[in-house]
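Colleague: I'm new to this one. Could you walk me through how to read its features?

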Amino acid sequence: MTADFLASTKKQFAYYKLLGEQTLAQVPDDQLNWQPNAASNSLAAIVKHLWGNMLSRWTDFLTSDGEKPWRHREAEFDNDLRTRAAVLEKWEAGWQCLFGALDGLTTADLDRLVYIRHQGHTVAEAINRQLAHYPYHVGQMVFLARLVAGDAWQSLSIPRGASGAYNAEKFAQPPHQAHFTDELLGDTPL
């Protein structure tokens, strides 16, 4: 594996962080705890779960099991974050932990073995595991927010009816190497 893997990973995590932030920004404060039914999670509960998972997985990432004994996963789904400030505090704390761990990695670390619930993963596998997990929940957040926002929703990707113009713009450029997140995040290293 190369340093490109780590750079790409950081950009993809940053992209999903941005999507989550753009999602939360479209939801009124009084709707952050809304649940479509009792079996579903609210936006606030999903953020709390992501925070708990991120702190557990990325704290002492190379040296301790990713499922920390101090984690209380079941409590992460309690719908008890009552303010936007509390939701955003958890959101930022989780992502800061993740990016701090990623920033400390080198390509030499990618083949090292780490554990999650006593199951061994290479560092690259552990990163990919979370790169699948977090977008899964960000997608849930987007869906919930779209339900709340209704017609006021502002698309986070290519809006309906705009695919042709978007593709025409892309294909008008010469072929080039770029990361799919560069348009939103810029092409500067994270």
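Modeller: Buried means under 20% relative accessible area, exposed over 50%, and partly exposed in between (1.4 Å probe, protein chains only). Strands (E, at least two residues) and helices (H or I, at least four) are DSSP runs, numbered from the N terminus. Keep in mind that this is a predicted model: local features need pLDDT of at least 70, side-chain atom pairs count only at pLDDT 80 or more, and totals for chains, interfaces and linings use all residues. Residues are numbered from 1 along each chain as its sequence is written, and side-chain values use heavy atoms, with hydrogens and water left out.

Colleague: In what sense do β1 and β2 pair, and over how many bridges?

Modeller: Two strands pair if DSSP finds at least two bridges between them. Here β1 and β2 (residues 119-122) are antiparallel, with 4 bridges. Tyr-115, for one, has Gly-120 in β2 as its bridge partner.

Colleague: And how do I read phi in the turn?

Modeller: Most residues other than glycine have a negative phi. In this hairpin, with 2 residues between the strands, Arg-117 has a positive phi near 55°. His-118, in the loop between β1 and β2, is positive too, near 70°.

Colleague: Is His-118 buried or exposed?

Modeller: His-118 counts as exposed because its relative accessible area is 71%. Asp-60 also has a positive phi, near 50°, and sits in the loop between α2 and α3. Asp-60 is only partly exposed, since its relative accessible area is 48%.

Colleague: What about the inside: which residues have the most contacts in the largest nonpolar core?

Modeller: A nonpolar core is a set of buried Ala, Val, Leu, Ile, Met, Phe, Trp, Tyr and Cys residues joined through side-chain atoms within 4.5 Å. The largest has 45 residues, and Phe-13, Trp-58, Leu-98 and Ile-127 have the most contacts inside it. α1 (3-25), α2, α3 (84-103), β1 and α4 each supply at least two of its residues, with α4 giving the most, 12.

Colleague: What does Trp-58 touch?

Modeller: Contact means heavy atoms within 4.5 Å. Leaving out residues up to four places away in sequence, Trp-58 touches residues including Phe-13, Leu-98, Ile-127 and Tyr-134.

Colleague: Where is Ser-56, and is it buried or exposed?

Modeller: Ser-56 lies in helix α2 (residues 43-58). Ser-56 counts as buried because its relative accessibility is 0%.
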